[in-house]
Amino acid sequence: MVEASDNDLVSLERSKQPGGGSIMRLALNRPAQLNAFNQPLHDALAHALSVVEADPPQVLIITGHGRGFCAGQDLAERMGQIEAGETIDLGEGVERKYNSLIRRVQALNCITVAAVNGVAAGAGFGLALAADIVIAARSARFVLAYGKIGLAPDAGVSWALPRLVGHARALALILTGEDMSVDDAKSWGIVWDVVADDELNHRVWTLAKRLCAGSPDAQLAAKRLIGQPAGDLGQQLDRERDAQQMLGHTEFYRAALTAFASRPKRDPVA
Ligand code: T3D
């Protein structure tokens, strides 16, 4: 079912799962520009996110049409503005578009899976890093495009990248602008899995369906605990306690205990 389509720049589909959960697939659709962000794409994406926020699925897959995942900011749009004599305030644009996008993706009440089907550059790399799980096609690559155009990392890249790969590697990648292969991205902890191009769709849907068999409450609690950890161990222990307290009251937990106690034993999530 297509739930939102704004000039076809973003497609959004929902698939209900037998257990009651649902999976949504959001795909950027400017394939000729490798899904680079221009204003219409930002608008379409913001609208699609409103649809997701209003009725979140258990799993949201984020991907791109064509051979690119997302090439970051559309540079032709910026060039057009310069040629038209417009004053460009990149700070204002970053705040209104990219900071808003990354904050909204990270705050979604669902598990997000980036299916990186092709090149992810600049803010497109930031979008992939904002997802909870990243799975990449073998032909994908990650491009730290900022330095080549005289910009510094944005879209959360300067936050997420050093936390994933370490300070030294992150800074060297950004300063040199060297492409990152999917194998490096996997061994450095950015990507959870790398699969053949023609297997990406199947792999991601299999993962999403598996997640739909689990407790959405527990998954969201784990996402917040790990994604937004407290400042020290004491505070984190408090948050873990609070999460377990809430989860101990869920129907999923009770049913899982009943399944465990049954003879013959049943799989709690069967
Ligand atoms: O401005 C602000 O708001 C500040 C915020 C900035 C955030 C950012 O994201 S900064 C980073 C911006 N992105 C880039 O600098 C990436 C530019 N693109 C590339 O370096 C390369 O295209 C890629 C490494 C991504 C892919 O290379 P390749 O060889 O696989 O493909 P290609 O031939 O370069 O690109 C294919 C087409 O996509 C091509 O169009 P054409 O010639 O076939 O008509 C190319 O122009 C277009 N394309 C690729 N990236 C962009 C783009 N068009 C507009 N903007 C792009 N970013």
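**Strands, then the ligand**

Author: Strand S4 (residues 59-64) pairs with S6 in the parallel sense, over four bridges. Strands pair here if DSSP finds at least two bridges between them. Strands (E, at least two residues) and helices (H or I, at least four) are DSSP runs, numbered from the N terminus. This is a predicted model, in which local features need pLDDT of at least 70 and side-chain atom pairs count only at pLDDT 80 or more, while totals for chains, interfaces and linings use all residues. Residues are numbered from 1 along each chain as its sequence is written, and side-chain values use heavy atoms, with hydrogens and water left out.

Reader: Which residue of S6 is the bridge partner of Val-59?

Author: Ile-111 is that partner. S6 is also joined to strand S8 (residues 133-137) by four bridges, and these two run parallel. There, Ala-115 stands opposite Ile-135.

Reader: How do I read the two faces of a strand, and are those of S6 buried or exposed?

Author: In a regular strand the side chains alternate between the two faces of the sheet. Buried means under 20% relative accessible area, exposed over 50%, and partly exposed in between (1.4 Å probe, protein chains only). In S6, Ile-111, Val-113 and Ala-115 on one side are buried, and so are Thr-112, Ala-114 and Val-116 on the other.

Reader: Why is S6 described as largely enclosed by the rest of the structure?

Author: Because six of the six residues of S6 (residues 111-116) are buried.

Reader: Which strands run antiparallel?

Author: Strand S2 (residues 10-16) and strand S3 (residues 22-28) do, joined by seven bridges. Ser-11 has Ala-27 in S3 as its bridge partner. The hairpin of S2 and S3 has five residues between the strands, and Gly-20 in this hairpin takes a positive phi near 115 degrees.

Reader: What surrounds the ligand?

Author: A residue is near a molecule if one of its heavy atoms lies within 4 Å of it. Here 21 residues surround the ligand, and Ala-71, Gln-73, Arg-78, Ala-123 and Arg-141 are the closest.
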